[in-house]
Amino acid sequence: MSPSFPQKAVHYTRALARWIKAGRPVRSEAEILHLLNDFCLPCESYDPQSSTCLHCGCHVSTSTSATVNKLAMGTERCPVGKW
């Protein structure tokens with residue numbers, strides 16, 4: 001089950017704060033595709049209809065915009081340690 005909306009908001013706010021504090025590092029398009037294809041898409045916790053992780057509720061996609069894609073944020077990691 002996906003986190004509630006307030007839990008998602010907390011997760012996103014914390015991720016965004018870490019990312020900004022670290023200087024806004026971003027992953028390359030190749031890194032994003034690797035993480036998405038090799039770890040997220042085959043994961044039982046990935047929801048393809050909403051492109052979200054059911055553990056943290058974050059959006060994970062091919063987007064290179066870090067503000068809308070957890071995979072693009074260079075500071076973020078998988079909540080269950082897959083990447």
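Accessible areas here come from the Shrake-Rupley method with a 1.4 Å probe, and for residues only the protein chains shown count as cover. On that basis the chain exposes about 5,000 Å², with carbon and sulfur atoms supplying 58% of it. Keep in mind that this is a predicted model: local features need pLDDT of at least 70, side-chain atom pairs count only at pLDDT 80 or more, and totals for chains, interfaces and linings use all residues. Residues are numbered from 1 along each chain as its sequence is written, and side-chain values use heavy atoms, with hydrogens and water left out.

Let's start with the overall build. The chain has two helices and two strands, running α-α-β-β from the N terminus on. Helices (H or I, at least four residues) and strands (E, at least two) are DSSP runs, numbered from the N terminus. The C-alpha trace spans about 30 × 30 × 20 Å along its principal axes. The radius of gyration, taken over C-alpha atoms, is held against a globule rule of 2.2 Å times the number of residues to the power 0.38. For 83 residues a compact globule would come out near 12 Å, and the chain agrees because its value is 12 Å. Contact means heavy atoms within 4.5 Å, and of the contacts with a separation of 6 or more, 57% join residues 24 or more positions apart.

Now to the inside. A nonpolar core is a set of buried Ala, Val, Leu, Ile, Met, Phe, Trp, Tyr and Cys residues joined through side-chain atoms within 4.5 Å. The largest one has 15 residues, and Cys 40, Tyr 46, Leu 71 and Trp 83 have the most contacts inside it.

Cys 40 itself is buried at 9% relative accessibility. Leaving aside neighbours within four places in sequence, Cys 40 is in contact with Leu 35, Tyr 46, Val 60, Leu 71 and Trp 83. What about disulfides, meaning pairs of cysteine sulfur atoms within 2.5 Å? The whole structure has zero. For Cys 40, the closest cysteine sulfur is in Cys 78, 6.7 Å away, so it is too far for a bond. Cys 56 is in no disulfide either, its nearest cysteine sulfur being that of Cys 58, 3.6 Å away. Cys 56 is also buried, at 6% relative accessible area.

Ser 51 lies in the loop between β1 (46–47) and β2 (52–53) and counts as buried at 19% relative accessibility. Beyond neighbours within four places in sequence, Ser 51 is in contact with Tyr 46, Cys 58, His 59 and Val 60. Ser 63 is found in the segment after β2 and, at 24% relative accessibility, counts as partly exposed. Not counting residues up to four places away in sequence, Ser 63 touches Ile 32, Val 68, Asn 69 and Ala 72.

Note on methods: A disulfide is a pair of cysteine sulfur atoms within 2.5 Å. Buried means under 20% relative accessible area, exposed over 50%, partly exposed in between (1.4 Å probe, protein chains only).
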